[in-house]
Amino acid sequence: MAITELEITNRTSFASGVPFGDVGAYELLEGTAHYAVDPSHARNQGITDLGLAPRDSAGKVVFSSDFSMLQPVNLDLGNRRILFDVVNRGRKTALTFNGVPIPTDATAPLQAGNGYLMRRGYTVVWGGWQADVPPTPGLIGLQGPEAVGPQGPLTGKIMCQFQCNEPTQVFLLADREHLANPAADPEEAGATLTVRDLPNSPAIPVDRNQWAFVRVEDEDVEPQHSHVYMPSGFEPGKIYQLVYTTNVSRIVGLGFVAMRDAVSFLKHAPAAAGNPLAGAIDYAYAIGRSQSGRFLRQYIHTGINEDEEDRTALDGIIPHVAGGMRGEFNMRFGQPSKDVCYIIPEMFPFTDTPQTDPVTGAQGSLLDTMERRGRVPKIMFTNTSAEYWRGDAALIHTDLESLTDAPESPSARRYHFAGCQHGSGDFPPVEVRATDGIRGQLPFNSVDYAPLLRAALDNLDRWVSMGEEPPASRHPSLNDGTAVESHTLLERFAQLPNVRVPAQTTRAIRLDYGPESHLGRTTKLPADEGAEFPALVADLDESFNERGGIRLPDLSVPVATYTGWNLRDESIGNPGLFIGITGGLAGWTLPLPATQAERESIGDPRASIEERYASREDYLEQVTRAAMDLVSEGYLLEEDVAEVVELAGRKYDYFAGDGGAC
């Protein structure tokens, strides 16, 4: 077994010991998982450069990762299921199922929220998988080896992308504040820096003499050259791409092994091996959001869901808000945080059934490897409008040859949370995002889609454990006309007061990183840019809300219009670019006119709240009916109806009065 020791260093009561329904109290376990992996084992052959890792005396590759777990104090009262939360850049996210926002302070105590996961009896597990997460209190990372060749550490090209929201002269050679891949030669003449306004616009070279790998103030104290420095400054909002040579290549694919073997250990290992869940687990599910959802898509494509003893790890997987993207999770010189589809190599194939790219002739399915082995977990791909407007989410259900809906694997469902942004919205609508201080052209999207995720998890569990088919996939459809090219909606959005539209929408691009990208090696940097993929989104109804996908009452009984896109405010630069093209995708909220007189005075094409509903009571009755329809269809839990209706009432009061005035 690849885990040699699960070292528990801390055990504390969760939520002050409060009981959760029939399950009772929970406790938090924290510690370190220690691994020893056989690099020659057939089940590990998909890990890039694992054969170049240092080995111990037994020929194993040794590494460790941070570990946390919330479990019922009385395991006999749990539901015998693990929910593995694939941490996002070291941060725990699973408690958003309970309606708890992802904390900005990773050291803050965990909050129980509405207790959904605990009342269901889940054991929630967090394990480090990302090798470049810095050793920071509260963050969960992986401590692993670097690849070493015959001549020592590997040396090769790497590409970083940067964007700032205020003037700066310096960027760390890493995505966000992760561990850097330093420049091997600070005088490298062949290193290149380019700048562009939009991901799809031409890259403009920046003269080599205008920037350096050494900051003036750090020339004597930064021997590793972990920054790029431009005295004239980097312009806010612009997109910069840097290609240079590094001599640091962490074996990032060990993240797949870390998750697989942590889950397998907890499912199968005996108490004598130090397993605190011995004999208490039947099924294991994984949820990953955004970056970690892309990690799960790559994990699925790599297909290493069986451990060294040929036992299945994950029984169900929810890659959430990943769109059609994967990432540098199993690549030489990989940067797991890099998150922009316009620079991520090897995006194709997108679908869970075989597809052909009519431009390149490439063929494949995301599930190819798993299907060859005859073991495919149940998978729910869940996305919001933001990933569609980014330009890539619809690719997961599109036949690129015929431009029709792609066939669906019997092991997969594809759900679109209509009118939602990347992360669940806050109400009242937020004007400045707390996590990064970004402001959009309009207040941010305020639709809370957590109830849809709770229903999805319940459905996944019944699908896996009881064979009960979940609700049908629901997303913008080419077959029924609810899917349209994104650029065709810009003229419609331009009719709305106070709304700016971009000159062009964004599309995923075919990128050629050389003939070895499928082996986890990019030999051509920057990539050759080819033809764009189609960018499909949901068409709009008369309230300018989306027609395709799962529509919460926010959309089907509206008091506002909600989108998955929001342009950058002029104060942060590049106001023609969508927020989130380099991370943190956002949408906006625009209230419907409160009255007919207001609608006529501002020339708003949308019917007013006054014209739509006879009274507040009439509105709430319609909301309740719409919510119960979702319950009957299986997309919403009946226990969440009261919460949905209560929030709708607050929105009505806010938007029908003067609280939502712009």
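Which residues does Met370 touch, not counting residues up to four places away in sequence? The contacts of Met370 are Tyr299, Ile300, Gly303, Asn305, Arg375, Val376 and Pro377, where contact means heavy atoms within 4.5 Å. The model is predicted: local features need pLDDT of at least 70, side-chain atom pairs count only at pLDDT 80 or more, and totals for chains, interfaces and linings use all residues. Residues are numbered from 1 along each chain as its sequence is written, and side-chain values use heavy atoms, with hydrogens and water left out.

Met370 lies in helix H4 (residues 368–373). Helices (H or I, at least four residues) and strands (E, at least two) are DSSP runs, numbered from the N terminus. Met370 counts as buried because its relative accessibility is 2%. Buried means under 20% relative accessible area, exposed over 50%, and partly exposed in between (1.4 Å probe, protein chains only). From C-alpha to C-alpha, Met370 and Gly17 are 41 Å apart in space; in sequence they are 353 residues apart.

Helix H2 (residues 254–268) and helix H3 (residues 291–302) have axes that come within 11 Å and cross at roughly 85°. Axes are lines fitted to C-alpha atoms, for helices over the stretch in contact, and angles run from 0 to 180 degrees between N-to-C directions. H2 is therefore roughly perpendicular to H3; that class covers angles of 65 to 115 degrees. H2 contributes Gly255, Phe256, Met259 and Arg260 to the contact, and H3 contributes Phe295, Leu296, Gln298, Tyr299 and Thr302. These residues divide into five nonpolar, three polar and one charged. Ala, Val, Leu, Ile, Met, Phe, Trp, Tyr, Cys and Pro count as nonpolar, Asp, Glu, Lys and Arg as charged, and the others, Gly among them, as polar.

Four strands form an open sheet in the order E9-E14-E11-E12, with antiparallel pairing. Strand E9 (156–162) and strand E12 (204–206) are the edge strands, each pairing on one side only. Neighbouring strands of the sheet are turned by 25° against each other on average, direction ignored. E9 pairs with strand E14 (residues 239–246) over seven bridges, in the antiparallel sense. Two strands pair if DSSP finds at least two bridges between them. Thr245 in E14 is the bridge partner of Lys157.

Ser608 lies in the loop between helix H9 (596–602) and helix H10 (609–612). Ser608 counts as buried because its relative accessibility is 0%. A polar atom of the Ser608 side chain lies 3.3 Å from the backbone nitrogen of Gln596. Residues up to four places away in sequence aside, Ser608 touches Pro593, Ala594, Thr595, Gln596 and Arg599.

Conventions:
A polar contact is a pair of N or O atoms within 3.5 Å; within protein, one must be able to donate a hydrogen and the other to accept it, and residues adjacent in sequence count only if both atoms are side-chain atoms. Angles under 35 degrees count as roughly parallel, over 145 as roughly antiparallel, 65 to 115 as roughly perpendicular and the rest as oblique.
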